[in-house]
Amino acid sequence: MKASVIVFPGSNCDRDVKISLEKFGIKTSMVWHADAKLPKSDLVVLPGGFSYGDYLRCGSIASKSRIMKEVITHSKKGGLVMGICNGFQVLVESQLLPGVLIRNINLKFICKNITVKVTNNKTNFTSKTSRNSVLEIPIAHNEGNYFASKDLIDELEDNNQIVLQYCDAAGNITEQCNPNGSIKNIAGIVNKKGNVFGLMPHPERASDELLGGMDGSLIFKSLK
Amino acid sequence: MQEVNQELAIKHGLTADEYNKIIKLMGRNPNLVELGIFSAMWNEHCSYKSSRIWLQTLPTKNKYVIQGPGENAGVVDFGDGDVVIFKIESHNHPSYIEPYQGAATGVGGILRDVFTMGARPVANLNSIRFGSPNHEKTKYLLNGVVSGIGGYGNCIGVPTVGGETEFDQCYNGNILVNAMNIGVAKKNKVFYSIASGVGNPVVYVGSKTGRDGIHGATMASAEFDEDSESKKPTVQVGDPFTEKLLLEACLELMQKKSIVSIQDMGAAGLTSSSIEMASKGDLGIKINLNLIPCRENNMTPYEIMLSESQERMLMVLKKGKEKEARKIFEKWGLDFAIIGQLTNSKKLELEFNKKNVCSIPIHSLGDNAPKYKRDFITYSYPKAINHDSDIEKLDIKDSLIKILSHHNYSNKSWVWEQYDHMVMTDTIQKPGGDSAVVRYHGKNKGIAATVDCVPRYCKAHPKSGAMQAVCETWRNLISVGAQPIAITNCLNFGNPEKKEIMGQFVDSINGMKEACEALNYPVISGNVSLYNETNGIAIYPTPTIGGVGLLKNINNMMTFNFKNTESIIAVIGETSGHLSQSALIYDVIGDKEGPPPQINLKEEKKNGLFVSDLIKGKLVNAVHDISHGGIIVTLAEMCIASNIGAKIKVSGSNSDKIKYLFSEDQARYLIEISKKNLEKIKKTASTKNIKIDIIGKTQSEIFEVENDLKISVKELKTKNESWFKNYNKN
């Protein structure tokens, strides 16, 4: 499997995610946002960070950058796309995923370990996890509060597009364990076709025993 | 142009004597641009005129030090051709005026100091101090500063891994924001600010120059009064996104062999950066101000030279490398302008609209800058106070809970969860431990770092307080298994023109010097922030110390949470029962008099090296240095971090117990030992003449002092975690 990590000005988890991808056997190249052509890839990763300084709206300027045309074409052809944190924001701004990500309900940046429940393990990104299993993965964001209309949420549920939901250690989805105010505790979703995945938690920060956990590695292992 | 006279010079923060000195050095009256430049270079912040003669007495060398004070940051050897570069700097005055931008640009400035030297920044730390929580501005300042630090560090993608947050009424009118950064580089790829090569091009890169921050350094060199709010325009505005681009562009260019010297434009902007480079190289510099990229129209030479717009760098390139360099900066969307060249005139020469607007001999700005030996007093060690009547009937449980839920000793996760402390995926010990540890990227070694100071000790006896601050960082590094290497200091004091304040400064330097020498733990960089006073009321002396240590093998890293039940709990070091200035007496009883704990540097070193050996020998399961609140609070923290209980026994009267449990005697550690290792440890301790008290053992869930208190760890945790959440609820 070959992956391309897109580097926007202001991306800052590009190196981190590359290390994790390579650790789990995925050959990875870095692609500059101004490049006109995407190298041949099975997977495109939009990394975390502050593309274009989060100016205007998180992910908004990046969604209009040159390489994104290629990423959109890649996704339309069924190629895999994964957006982590700021990458998820770029995916909703590009309309490759539905809904929006607004400011955390407490209006603060939050960086901590949280737990998410795998609501759908039948995706290309979660196949190595068990359904309803609980993963401990860190979050680090200011705008991770997933919002969508009721119709859209119903549609996501009907199509099994909700992949990860914030939960407590036992897997209960409660208001107390929702760190940012997301509707339905949504932490990650896929598109209808199932080839585009956006998530707020950072699996690359939970793929090394020394960093305190390996739960994130299940996502990288699922990609192979 | 405005007429330059003594009155105008005084408005620029210069004294009449200093103005006369300028005329003498110049051999004529300065024009307005020149006066502005002198005032920017000769203010306290840039010239260190009150502190310089004392700073020179500090030890700055050991076998690890490659570069001590005098550069943008200090450099130490980390083995295998690797170096670690670090520095701490204050951004106190601007943060009080505009907390978000003040704190953010403090982080931005220290980051630039480190990457200017060719390092990739890998860790941010900070020490932030606010006034009383009840003071009307405290909540606003706390929230602004924490958001500002996070806003900058999170965006640029450098983890904020440690620090301290405290409150005391002495900071009501002058908060402290001290930001530290650590970077890594290859030993043969360190860049310095010394310019060389007459004719080499001087290049400006980064953001455009605006009218923000004009006179920022001068503002930071004066006391505050009721009108401080009106100084808002002197605060710079940060743009971490541009800094991220600047960082990547600089590191990319540094891979080539094009840079002769490089200097960030920090305090006093283009003025100090150009003068510092030329002065170190004993050269002149000629700049055409029409070539400076400006953000606003019609900026005057005065404004251009004094602007403190952020995210700018000045470089001297090798002749002929301009094209290669320009290409890199253009790729990152940054300004790149060749603005002048090095000359052999030994003058700073500025041209604007084809006219010469400034010609100052460079050495008159630096070497000939005023240097004062200000009057000072010496503080003697205060007389001991008997606290028996305070503690006779004091309830141990109640006192423990009061300390754990006190704003200064409560859990600080509300603060550090607003900082991205994990980006770069090398943070192997997160905030909340004795020291933060980041893995040296791609290697098996780690960098341990901590920032410490106990201002109440420093107020009570400045010399002991400064020694204690150095020792506490040493202890915190030892506690995670690291070898302490060197420190950086951020010296925050009041108005040095008062002999009481100058005395605090001098005594602190002397204390620091003794401690650094005894521990072979030199100062490699730092910063002085004076005039932290409002309406004549000064802050407590606050010599913040940032300590850095080398963890040779990250698999030997130690943490302070208990690992097992049924382990032995022991105290390393002598407990004499010193209560004055302790958390118990100062914060719970409210008695602020009396001496701080004595520092015994021999004990400090002996006990530290003993604990260090225990960790290396894998003989201990947990280590925590004993600080605020004494043994009992330290023990409670170890329980809270692990959700494991403890049962200890203390003998004697209630007063004896209080003294043993709450005293803040120094050079002590609390350790967890498996039963099987106990005899071996005791034996080694006795041959090395180390005091070791076995006080109890770990158990499940319950925290217990036999016959005195029994409480669930869960409840302690709740008490310890509630203050920040409640305070910031509305």
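Author: Helices (H or I, at least four residues) and strands (E, at least two) are DSSP runs, numbered from the N terminus. The model is a predicted one, in which local features need pLDDT of at least 70 and side-chain atom pairs count only at pLDDT 80 or more, while totals for chains, interfaces and linings use all residues. Residue numbers start from 1 along each chain as its sequence is written, and chains are lettered from A and ligands numbered from 1 in the order in which they are written.

Reader: Which helix holds B:Glu322?

Author: B:Glu322 belongs to helix α13 of chain B, which covers residues 322-331.

Reader: Is B:Glu322 exposed, partly exposed or buried?

Author: B:Glu322 is partly exposed, because 15 other C-beta atoms lie within 10 Å. The classes are buried for 20 or more other C-beta atoms within 10 Å of the residue's own, exposed for 12 or fewer, and partly exposed in between, with C-beta atoms placed from the backbone.

Reader: And what is B:Glu322 in contact with?

Author: Apart from neighbours within four places in sequence, B:Glu322 is in contact with B:Pro201, B:Leu317 and B:Ile338. Contact here requires C-beta atoms, placed from the backbone, within 7 Å. For B:Glu322 and B:Ile338, the C-alpha atoms are 8.1 Å apart in space, and the two residues are 16 apart in sequence.

Reader: Turning to chain A, how many helices and strands does chain A have?

Author: Chain A has five helices and 11 strands. Its radius of gyration is 16 Å, close to the 17 Å that the globule rule gives for 224 residues, so chain A is as compact as a globular protein of that length. That radius is taken over C-alpha atoms, and the rule is 2.2 Å times the number of residues to the power 0.38. Along the principal axes, the C-alpha atoms of chain A fill a box of roughly 45 × 35 × 30 Å.

Reader: What share of chain A is buried?

Author: Buried residues account for 56% of the 224 residues in chain A. Of the contacts in chain A between residues at least 6 apart in sequence, 75% join residues at least 24 apart.

Reader: Where is A:Leu21 placed?

Author: A:Leu21 sits in helix α1 of chain A, residues 14-23. A:Leu21 is buried, since 23 other C-beta atoms lie within 10 Å. Its contacts, leaving aside neighbours within four places in sequence, are A:Ala3, A:Ile26, A:Thr28 and A:Phe220. The C-alpha atoms of A:Leu21 and A:Glu204 are separated by 8.3 Å, although the residues are 183 apart along the chain.

Reader: On to the interface. How many residues of chain B are in contact with chain A?

Author: On chain B, 22 residues are in contact with 23 residues of chain A. The elements of chain B that give two or more residues to this side are α8 (138-156) and α10 (240-254), and α10(B) gives the most, with four. This side of chain B has 11 nonpolar, seven polar and four charged residues. Ala, Val, Leu, Ile, Met, Phe, Trp, Tyr, Cys and Pro count as nonpolar, Asp, Glu, Lys and Arg as charged, and the others, Gly among them, as polar.

Reader: At what angle do α8(B) and α10(B) pack?

Author: The angle between α8(B) and α10(B) is about 35°, with their axes 8 Å apart. Such axes are lines fitted to C-alpha atoms, for helices over the stretch in contact, and angles run from 0 to 180 degrees between N-to-C directions. From α8(B), B:Gly151, B:Tyr152, B:Cys155 and B:Ile156 meet B:Pro240, B:Phe241, B:Glu243, B:Lys244 and B:Leu247 of α10(B). The residues of this contact divide into six nonpolar, one polar and two charged.

Reader: Which residues have the most contacts inside the largest nonpolar core?

Author: B:Val470 and B:Cys639 have the most contacts inside that core, which has 292 residues. Helix α20 of chain B (residues 499-519) supplies its largest share, nine residues. A nonpolar core is a set of buried Ala, Val, Leu, Ile, Met, Phe, Trp, Tyr and Cys residues joined through C-beta atoms within 7 Å. Not counting residues up to four places away in sequence, B:Val470 touches B:Ile487, B:Met512, B:Ala515, B:Cys516, B:Tyr521 and B:Ile545.

Reader: Finally, what is the phi of B:Asn520?

Author: B:Asn520 has a phi near 50°, a positive value in a residue other than glycine. B:Asn520 lies in the loop between α20 and β18 (523-529) of chain B, and B:Asn520 is partly exposed, with 15 other C-beta atoms within 10 Å. B:Lys618, also not a glycine, has a positive phi of about 55°. B:Lys618 is in the loop between α22 (601-616) and β23 (622-625) of chain B, and B:Lys618 is exposed, with 11 other C-beta atoms within 10 Å.

How values were computed. Two residues are in contact if their C-beta atoms, placed from the backbone, lie within 7 Å.
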